[in-house]
Amino acid sequence: MLELLRPDLYVASLEDVDLDALAARGIKGLLIDRDKTLTAWRSREVSAARREWVAAARERFALCVVSNTIFYRGVRAVGDSLGVPVVVRWGLGRKPFPGAFRAGLARIGVAPNEAAMIGDQLLTDIAGAKLQGLFTVLVEPVQGREFPGTELIRPLERMLLRRWGLHPQGRSDGDQRP
Ligand SMILES: [Mg+2]
């Protein structure tokens, strides 16, 4: 059961995701979480490094932002600024339920086994995507406050990562990440 939560890759930050490695796996589409993966919680600001990464990724992959929130406009503003479509879901359509992933894949026309989900939460982004057959990439959460419900889950996530002996690849400064 716990294996369902275990990411295929774990990196320090979105910009540490190796696009060559994803392409080598036959991946054609990327679903990307918004809060604490692409931006800080509920933020519309994407760091320069992540913008560069998204621009490079767009040249090689079909991208879609998939976000659990009721605040559609903030996510759309981020997507518009990056030239990336967005899927926003809440209720039973949100991650980890299948609807969010299916909607994202339908938006970019990519099959689950040719797609990767990149996100910061094991119980939503990773578990839901693995159930749908996607490759999964966990990022360390962007610094700053977050949804109170998510804060409660973080100790469990850290415990699992320790238990698996997983350490993030890439830059690990831990701060300076807006
Ligand atoms: Mg997130």
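Visitor: What share of the 178 residues in the chain is buried, and what makes a residue buried?

Guide: Buried residues make up 43% of the 178 residues. A residue is called buried if 20 or more other C-beta atoms, placed from the backbone, lie within 10 Å of its own; with 12 or fewer it is exposed, and in between it is partly exposed. Please keep in mind that this is a predicted model: local features need pLDDT of at least 70, side-chain atom pairs count only at pLDDT 80 or more, and totals for chains, interfaces and linings use all residues. Residues are numbered from 1 along each chain as its sequence is written.

Visitor: What is the mean pLDDT of the chain?

Guide: The mean is 94, and 96% of the residues reach 70 or more; pLDDT is the predictor's confidence in each residue, from 0 to 100. Over residues 174–178, though, the pLDDT is below 50. That stretch has seven contacts in the model beyond near neighbours in sequence, a contact being two residues whose C-beta atoms, placed from the backbone, lie within 7 Å. Where pLDDT is low, the predicted coordinates should not be read in detail.

Visitor: How do you know whether the radius of gyration of the chain agrees with that of a compact globule?

Guide: The radius is taken over C-alpha atoms, and the globule rule is 2.2 Å times the number of residues to the power 0.38. For 178 residues a compact globule would come out near 16 Å; the chain has 15 Å, so the two agree. Its C-alpha atoms fill a box of roughly 35 × 35 × 30 Å along the principal axes.

Visitor: In what order do the six strands form the open sheet, and what makes two strands a pair?

Guide: The order is E1-E6-E5-E2-E3-E4, with parallel pairing. Two strands pair if DSSP finds at least two bridges between them. Strand E1 (9–11) and strand E4 (86–89) are called edge strands: each pairs on one side only. E5 (residues 115–119) and E6 (residues 135–139) meet the rule, since four bridges join them. Gly-119 stands opposite Leu-138 in E6, and Ala-116 has Phe-135 of E6 as its bridge partner. E2 and E5 are also joined by four bridges, with Gly-29 opposite Ala-115.

Visitor: What makes E5, helix H5 and E6 a right-handed β-α-β unit?

Guide: Picture the strands pointing away from you: the crossover is right-handed if the path from the first strand over the helix to the second runs clockwise. The unit of E5, H5 (residues 122–131) and E6 is right-handed.

Visitor: How do you know whether Leu-134 is buried or exposed?

Guide: Leu-134 has 28 C-beta neighbours inside 10 Å, so it counts as buried. It sits in the loop between H5 and E6. Not counting residues up to four places away in sequence, Leu-134 touches Phe-101, Pro-112, Ala-115, Ala-116, Met-117 and Ala-129.

Visitor: Lys-36 and Arg-42: what is the phi of Lys-36, and what is that of Arg-42?

Guide: Lys-36 has a positive phi of about 70°, and Arg-42 has one near 55°. Most residues other than glycine have a negative phi, and most peptide bonds are trans. Lys-36 lies in the loop between E2 and helix H2 (48–58), and Arg-42 is placed in the loop between E2 and H2. Lys-36 has 25 other C-beta atoms within 10 Å, so it is buried; Arg-42 has 17, so it counts as partly exposed.

Visitor: Which residue does a cis peptide bond join to Pro-96?

Guide: Lys-95 is the partner, with omega of about 15°. Pro-96 is found in the loop between E4 and H4.

Technical notes: Helix = DSSP H or I, 4+ residues; strand = E, 2+ residues; numbered from the N terminus.
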